[in-house]
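This briefing is for a reader new to the structure shown below. It groups a few points by topic, to be read alongside the sequence and the model.

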4 protein chains.
Amino acid sequence: MENTNVKPAKGKLGIMVVGCGAVATTFMTGVLMTRKGLTKPIGSMTQYDKIRVGRGSDKKYLHYKDIVPLADLKDIVFGTWDVYPQNAYQATVYAEVLKAKDIEPVREELESIKPLKAAFDKNYAKRLDGDNVKQCKTRWDMVEQLREDIRQFKETHGCERVVVIWAASTEIYVPYDERHHKTLAMLEAAMQVDDREHIAPSMCYAYAALKEGCPFIMGAPNTTVDIPAMWELAEKTRMPIAGKDFKTGQTLVKSGFAPIIKTRNLGLAGWFSTNILGNRDGLVLDEPANFHTKEVSKLSTLETICKADDQPDLYGDIYHKVRINYYPPRNDNKEGWDNIDIFGWMGYPMQIKINFLCRDSILAAPLLLDLSLLSDLAARAGRYGIQRFLSFFLKSPMHDYTREEEPVNNLFEQYTMLKNAIREMGGYEADEEID
Amino acid sequence: MENTNVKPAKGKLGIMVVGCGAVATTFMTGVLMTRKGLTKPIGSMTQYDKIRVGRGSDKKYLHYKDIVPLADLKDIVFGTWDVYPQNAYQATVYAEVLKAKDIEPVREELESIKPLKAAFDKNYAKRLDGDNVKQCKTRWDMVEQLREDIRQFKETHGCERVVVIWAASTEIYVPYDERHHKTLAMLEAAMQVDDREHIAPSMCYAYAALKEGCPFIMGAPNTTVDIPAMWELAEKTRMPIAGKDFKTGQTLVKSGFAPIIKTRNLGLAGWFSTNILGNRDGLVLDEPANFHTKEVSKLSTLETICKADDQPDLYGDIYHKVRINYYPPRNDNKEGWDNIDIFGWMGYPMQIKINFLCRDSILAAPLLLDLSLLSDLAARAGRYGIQRFLSFFLKSPMHDYTREEEPVNNLFEQYTMLKNAIREMGGYEADEEID
Amino acid sequence: MENTNVKPAKGKLGIMVVGCGAVATTFMTGVLMTRKGLTKPIGSMTQYDKIRVGRGSDKKYLHYKDIVPLADLKDIVFGTWDVYPQNAYQATVYAEVLKAKDIEPVREELESIKPLKAAFDKNYAKRLDGDNVKQCKTRWDMVEQLREDIRQFKETHGCERVVVIWAASTEIYVPYDERHHKTLAMLEAAMQVDDREHIAPSMCYAYAALKEGCPFIMGAPNTTVDIPAMWELAEKTRMPIAGKDFKTGQTLVKSGFAPIIKTRNLGLAGWFSTNILGNRDGLVLDEPANFHTKEVSKLSTLETICKADDQPDLYGDIYHKVRINYYPPRNDNKEGWDNIDIFGWMGYPMQIKINFLCRDSILAAPLLLDLSLLSDLAARAGRYGIQRFLSFFLKSPMHDYTREEEPVNNLFEQYTMLKNAIREMGGYEADEEID
Amino acid sequence: MENTNVKPAKGKLGIMVVGCGAVATTFMTGVLMTRKGLTKPIGSMTQYDKIRVGRGSDKKYLHYKDIVPLADLKDIVFGTWDVYPQNAYQATVYAEVLKAKDIEPVREELESIKPLKAAFDKNYAKRLDGDNVKQCKTRWDMVEQLREDIRQFKETHGCERVVVIWAASTEIYVPYDERHHKTLAMLEAAMQVDDREHIAPSMCYAYAALKEGCPFIMGAPNTTVDIPAMWELAEKTRMPIAGKDFKTGQTLVKSGFAPIIKTRNLGLAGWFSTNILGNRDGLVLDEPANFHTKEVSKLSTLETICKADDQPDLYGDIYHKVRINYYPPRNDNKEGWDNIDIFGWMGYPMQIKINFLCRDSILAAPLLLDLSLLSDLAARAGRYGIQRFLSFFLKSPMHDYTREEEPVNNLFEQYTMLKNAIREMGGYEADEEID
């Protein structure tokens, strides 16, 4: 770590998670258990991955923490907001993701994590109810209360730095509206007049975080930070933002499998993806308005990997369909079924079917850890605004569409971007190109 | 193509295919049909792929033929050897891979391709019989006859250059024997004394090809060119060699999918691969001695991608099993079923199942085209011996194990190697590293 | 056939098919090819099945035609209505279900089958257009024109008897309305006042057929003959009716697989069924109003096999979901994916997944043949009204719900009912019970 | 139960299980937990199933225990033999089939079940070792010791009746040998001369059980009681015998699914079944000699359901293949993958794939309960020798092949046989025919 110019990771790092459901509690429990040496944080890049730095005979393979100053797990303090008042221990047990033997050793620590009242608006998630909710006169008032929460948390726990990460439900779809979302001034005005149509609760969390000097990460497909007004705020406060939608099961596979097809120049006629899941996320997504938000997020993956313009013979006519089905017998065990219709030599068709019996929270948890630690790192490195190097972790990576910037969805190109950013922050030379 | 130093591809290129079965005829028919504008050579890198050359603002994306001088499809002439005397038209119809409408327009051209007598030894493929076979006194005599075949073919068709590519059956397993396979002198001696245990017929083809100044490619899992004696001969004749085993269905998926797991630092507990196929290849592989050759080839893929040494927590205990089952109802439609047992955060298990309903010959055909054109290119570029840049096309890529050189099995790293070689031959700078 | 009292099957049998799409043409082509000895009518009960008649030492296994007087294939004459004017040969080629070699030998016969103008109302199938359509002033006029069609067809072709079978699209859902569908008088009144909301075009076909003394079969999930008014008409005209929805892919599997679970007293927590298909049927079903008709039909299968009342521990809480997705890459190759969540000893969960790569028309065609021949048989046997013995062939079998009669969905109980009816019509004793 | 002539089930019933592994302990634990009202014996016919007795207006649906006198769960006492000395509690925990919460409440009862020394011969199961083994001079001595075990167990626990059921490993294949297995005299002679080639240890258990007046059930595919000598002994001792191989996962599905195909007269071109499993059973079956025993048992299912003689067009050329693969990542979670190649109308092919993620012991446990209770019932009903009515529970049902008796493999015909036997023992009329 001799070459880095990034500020060191001194003191405690607060991680405030919006939503204390299955994903958040699996994340917290795993970090606490790891800290005690009782489990392994499998799937976490910051804890496991090794990347090449240097070239030729100088090259070596190092863990991230040996290249850049990452916060240590022992310095993490957890906070959370939720519409249900149960503490993190109760919520972990309720989620039924982890076995008792993986929870009980950190029961006390979990019990001490009590959700703050949530900033909530039932119109944004009809299928949820819960009464651990703030009373807010306006959206602006909502922001003020959240800022106060962050300040108090920081003080109470003596945190040097705080990261805010959204692990709550998918809200209904809020399309970009250029009269309210374009500039920071517009956004603030809409909050002040309590424009509930254009200001989702998630936007209040993001705004509050950035204002308090905290990076903000959107883990659901909400368009919260996908608007120029937020980018302006992030630039102004010099804070990193990242989103959207944790790349867990099916999209992870898609962003890794589509490159196989593309790399071999095989044709693609169609891709049908269906999901069955039975947790609260599934319940919310069974509501068409909420599913639409997710669908927009999930459909974008393919077209930037298998590009019709580049290879019209191969990708000129792809039929891509994504469905999500609430199916309670599965609980948190999300299952994906993908049907991929490819064609090869002389146009002959073939089929690939992928059946992913995954566990949503198990795949998401390490992403929360990595996104928190890496956005904290970025802040200390003076990187602010959209963090493209975090695309690797996200289903629908942020990009500045006003400048026609294209998102990178190819998992392996995303990985190169991630490695390059770590290399650069570590004072090493990045690879010039990603393909 | 302004920068390249490679010799131009003047005159006709003979492609002599060992074995005139489903794979070979699908390849030939597709090339002939493409030449008439009646079909598309989907899946062929040389015909479709575009890669970046240059960097930063200078970068551009070009087809291979715009970077290096590739032989044109119209300059290709086909030859073949087979144990059955049917001409290529009859063999194409028999294979039942292609529909009549995709064969009839080139019927005459196919009919004119008549198999030369094969160099064959029934002990190497018990389940095959066929009487279009050379009478050979010794292995050395076998070589001499094959050399004469090549010379005559070249002359008859007026070919400037010839490539020999193996698309015949899997022979029984011939392990490396250091008393017969180490040096060229040993190999030649064994041929002269007709050592049928250590000299497979495929070795005679390879030897004959190289001696006649033709690149040789091993498309089956035979160890033919995986021995130092052949490397010595390739160096001496300054000819490229490549092998082994066309990377078609299941291993293609494996070499592309394992990187997804590895890239996300997910754990891998086991990978069970089973295949069902009903063509002649399947029949041969139902014989345990022949299957063993294939198994050795297929098992090597994982361990160099998910390395136990690098990540013992993740890859320290992988149970990898591969099975192939002859199942006639499928004919050429090889089907793979992969069961991948991964684990994530805190060790929780998940499953991925991949069901690939592929067509063996459709996936293999473009590989024959690319390997032929690229090994011809390599010869003109003065590259000889093991062609590591062709690993991309092969299940079990050649590597100099006497120097503990590791094979690269990761599809995306193989692709970078391929791109780098094209860049270099095109006079562009290669990327320095592949990961 | 010594014991039967059924009238013999003398003279020609007209089969008039509503809709000349993939299903109808596959049926017709297969019958014509079979008649020439060029193919086999696989899947047809009337052509293949053998059942036991008699008991103990007297028992023997006979083909249906050796028990009862069935019409012979050579006596069949085909007619059809369709919104597109293409003849049956053109429609067969367009459908892309059969290979050229299976069509060309009967090309002339198919060309001579030209669709009559269809009775059509675009409000019932928004995604269809076609102009081979009758101009009708009222629904009553529609009926009159259809009756005239049937009479003319009968005369032109010299048919002794005619059966009318619906193989056209799914209409939008028409729920039973007791002010219009309860009595024949109500139904006729609604037709006369041209009540287009309550009278679907399919009802006009059914009415016309019955009035002309023809059995009527509903092969789509339309509620056409699922109303007391039609039962009254069938009784009055002494004609058999049957419906609804040909039991082809997924429901066939469900009605056969659910009995396995039930028979072993395993528990059932959920059953998720999804379909992808790309033919015209799929296009129509992508419209929510049309899908609803199908969903109602498909959901009914499980609950009468795995009954919550009988076994609350096992079937008290089944989550059953059915989805159909239009996916053009598959064309007629409908694919089903079923996820069955069962539980066993001590409540432990297990999963069964069934992936059915079926061909819709190939599975439907023999049903058209059997339903036509068996309803013609029933008419000659003096059986009229709802034909419960034909439940075997149908997804959502007709039953008199006004008398709380339960449908039988268990494939094996349906089979026993079918066998019993054949036995009885053949003058043999039926088995007294079906379970 | 007013009509039955079967002797009442007075007093305690000992169930002595050979093998105290996953299957046996799941069975015992479940019975003990059920007795305490803490779980449900899902999947057990004797505890859940209701069948029709009587006909027409007299018919009613009754549980078995309301038709015939079954032993009550509270009267059961467990005994066991095993090569490992761990008590049933330890063995249950080791098996990792059940969660702690489903074991702990009956810990003490399980701990009191201590395995007797096993009658074992390592040549019959090479991959097993364990030293809780009897020292036997000869096979005859082995029998004597086992008889003594049974007598002592009966006395110690005050049992009125004992059933012996084999839930241990698959032995190597012992084909029927007419010089040693034909008559009881031959068998006894072979035991006395210690003919270890022809007398498997399992035969000693069976012989001992029958001699002591206990029904014997073979739950593995061993040929133990599939020999005329054992039938002679069963007749002589008037004891029921049943076997072989508990019908759990894949064969259960096959015996239920093949009837669907058969019933609809669809053609069958091939059926490929593969299994992956990682428990001790899998380890033993990875040894080719042991697998052969299993393969013979599993392959017999199809041909008696889809009969080539009856329907040569449909079943004249079935390619049936079964594979079992040891794959440790799955432990007891046996997974089956079936590929079924059917064909329909005009011979067009279709595919069905069934993926069964089952739990071997969970499916087997209720079979042990039912087979024990029903063979005890049969004994009291005076039924002895081969119990064909128990075919329902077994993969390869016993039948007297010396008289060319055919086994019944169709699940639904087996069920009718089971119901008929219950009806008859209950004093009701059976259905005369089963198809």
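Strand E12 (residues 349-357) of chain C pairs with E12(D) in the antiparallel sense, over 7 bridges. The model is a predicted one.

**Contact between chains C and D**

- Within E12(D), Lys353(D) is the residue that stands opposite Asn355(C).
- The contact between the two chains involves 59 residues of chain D and 59 residues of chain C.
- On the side of chain D that touches chain C, at least two residues each come from several elements, including helix H1 (22-35), helix H9 (249-263), helix H13 (360-380) and helix H14 (411-425) of chain D.
- Strand E2 (50-53) and strand E12 (349-357) of chain D also each supply at least two residues to that side.
- E12(D) gives the most to the side of chain D that touches chain C, namely 8 residues.
- Sorted by class, that side of chain D has 28 nonpolar, 15 polar and 16 charged residues.

**Sheet in chains A and B**

- An open sheet of 8 strands, with mixed pairing, runs in the order E10(A)-E9(A)-E11(A)-E12(A)-E12(B)-E11(B)-E9(B)-E10(B).
- Its edge strands are strand E10 (319-326) of chain A and strand E10 (319-326) of chain B, each of which pairs on one side only.
- On average, neighbouring strands of this sheet are turned by 10° against each other, direction ignored.
- In chain B, strand E9 (residues 267-277) and strand E11 (residues 335-343) run antiparallel and are joined by 9 bridges.
- Asn275(B) has Gly336(B), in E11(B), as its bridge partner.
- In chain A, helix H9 (residues 249-263) lies across strand E9 (267-277), strand E11 (335-343) and strand E12 (349-357), and runs at about 20° to E11(A).

**Domains of chain A**

- The domain assignment of chain A gives domain 1 as 12-246 + 361-425 and domain 2 as 249-357.
- The C-alpha centres of domain 1 and domain 2 of chain A are 25 Å apart.
- Domain 1 of chain A puts 28 residues into the contact, and domain 2 of chain A puts in 26 residues.
- Helix H13 (360-380) and helix H14 (411-425) of chain A each supply at least two residues of the side of domain 1 that touches domain 2.
- By class, that side of domain 1 of chain A has 12 nonpolar, 8 polar and 8 charged residues.

Definitions and conventions. Residues are numbered from 1 along each chain as its sequence is written. Chains are lettered from A and ligands numbered from 1 in the order in which they are written. This is a predicted model: local features need pLDDT of at least 70, side-chain atom pairs count only at pLDDT 80 or more; totals for chains, interfaces and linings use all residues. Two residues are in contact if their C-beta atoms, placed from the backbone, lie within 7 Å. Helices (H or I, at least four residues) and strands (E, at least two) are DSSP runs, numbered from the N terminus. Ala, Val, Leu, Ile, Met, Phe, Trp, Tyr, Cys and Pro count as nonpolar, Asp, Glu, Lys and Arg as charged, and the others, Gly among them, as polar. Two strands pair if DSSP finds at least two bridges between them. Axes are lines fitted to C-alpha atoms, for helices over the stretch in contact, and angles run from 0 to 180 degrees between N-to-C directions. Domain bounds come from an automatic or database domain assignment.
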